[in-house]
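Please open the structure in your viewer and keep the selection tool at hand. The stops below say what to select next and what is found there.

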Amino acid sequence: MERAKLLSAIIENAIDGIITIDDKGIIEHVNPAALKLFGFEIKELVGKNVSALMPQPDKERHDGYIKNYDNTGQKRIIGIGREVIGQRKDGSTFPFRLGVSEVKFSDRKIYTGFIHDLSKHKEDEARIKSYTEELEDKIRDRTRDLVKLVAELESAKEHVNALFIKEKELNQLKTRFVSMASHEFRTPLSSIQLSATLIDKYTPKQDIENIEKHTGKIKNAVGNLTTILNDFLSLEKLEAGKVEVHPTWFSIINFAEEIVEEMQLISKQDQHIIYEHKGISAQVFLDINLLKNSVINLISNAIKYSGENTMIQFNSILKDDELLIEIKDNGIGIPETDLHNLFEPFFRAHNTGSIPGTGLGLNIVKRYVRLMNGNVACESAQNIGTTITLKFPFTNN
């Protein structure tokens, strides 16, 4: 009795469906899992032929198998060990795997069918198949795109190589032109400058004011043109990698005082360049020519963009590990929106108006400073002034 109860409990709580039929195919018992799968109540199935749970054509075949068994005694039950299709009460179908066991009693025999639902398994298979097909389509598309891209890259590579050759030729022509133009312009400019000076010296002083006015215009024009040519020549040398750094030890104080004396001569009326040095030492190890060109460029800008009766501060600060050079003016300043482009070649702030310039000076300064392992910083406010700071790492070893 206990064994029978145990067996019944196992059948009733089994995850898979279990259906028992007699040798005529009549359903004798259905466990809860099978009822749930087929959507029936137990009273709707017990006493019915098991073919009620089968769609066509299995329904007719099963009746034929039962009839054949009645006539011949040969057993043939649909679906043993393979996937079959079941039909629910609502007419829908689902796949399942069927296993059948024959149980003999003293007076009769029964068949127990074990039903394992394959619906989720089939859904997963379909999903995997769909994903695989989609993935294969994507791979084919990507492969086709990749082949096309490789072909385009090869074509682009050929085009780039041709452009590179053209660019190299153009750069060579540009280098020769800039070098030739710079040197060819220098000679007549020098002659014009000298002639303007001689006019001042030798012309009878009958109308001194007008003579000085016009010779001053000649000098300014020549100076501006010379600056332009120098900027282009410097830029060309930088682009061609022809600028080399040759550091030496020198006194930053003597260096600065010479520059101040030179720049004071070209300053505007009542513009004063004030130099101050801070530090227990004055000896620095830098390329004196690159530094001089940089500082002269910055002071020239301060003179150009500041008005008369103004002061330009030129400071050098020598610390244990750093040399700072500051050029500070109280001129027109730089608009905030222009600060991030300030050191780009050919860039000029929007408030420069008719003040002449190439937009190359600060770019050249930045590149010279970098060649000496330094960097440039700028602080400015429009109509207040500008401070440019050059920073160089320093060691006294």
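Begin by selecting Leu146, Leu149, Val150 and Leu153, which in this predicted model form a nonpolar surface patch with about 360 Å² of accessible area together. Patch members have over 30% relative accessible area and no salt bridge, with nonpolar side chains (Val, Leu, Ile, Met, Phe, Trp, Tyr) joined within 5 Å and like charges within 9 Å; a salt bridge is a side-chain nitrogen of Lys or Arg within 4 Å of a carboxyl oxygen of Asp or Glu. Residues are numbered from 1 along each chain as its sequence is written, local features need pLDDT of at least 70, side-chain atom pairs count only at pLDDT 80 or more, and totals for chains, interfaces and linings use all residues. Side-chain values use heavy atoms, leaving out hydrogens and water.

Leu149 counts as partly exposed because its relative accessible area is 42%, between the limits for buried (under 20%) and exposed (over 50%), with a 1.4 Å probe and protein chains only.

Next, select residues 121-152, which an unreviewed UniProt entry annotates as "coiled-coil region"; this span is 100% helix and 0% strand, and its end C-alpha atoms lie 45 Å apart.

Then move to Glu257, Glu258, Glu261 and Glu262, which form a negative surface patch. Glu261 belongs to helix H7 (residues 252-264) and is exposed, at 59% relative accessibility.

Finally, select Val284 in strand E8 (residues 283-286), which is buried at 1% relative accessible area. Val284 and Phe392 are 108 residues apart in sequence, and 9.9 Å separates their C-alpha atoms in space.

Methods
Accessible areas come from the Shrake-Rupley method with a 1.4 Å probe; for residues, only the protein chains shown count as cover. Lys and Arg count as positive and Asp and Glu as negative; His and the chain ends are not counted. The place of a charge is taken as NZ of Lys, CZ of Arg, CG of Asp or CD of Glu. Helices (H or I, at least four residues) and strands (E, at least two) are DSSP runs, numbered from the N terminus. UniProt positions are given in the numbering used here, feature names are shortened, and annotations may be inferred rather than shown by experiment.
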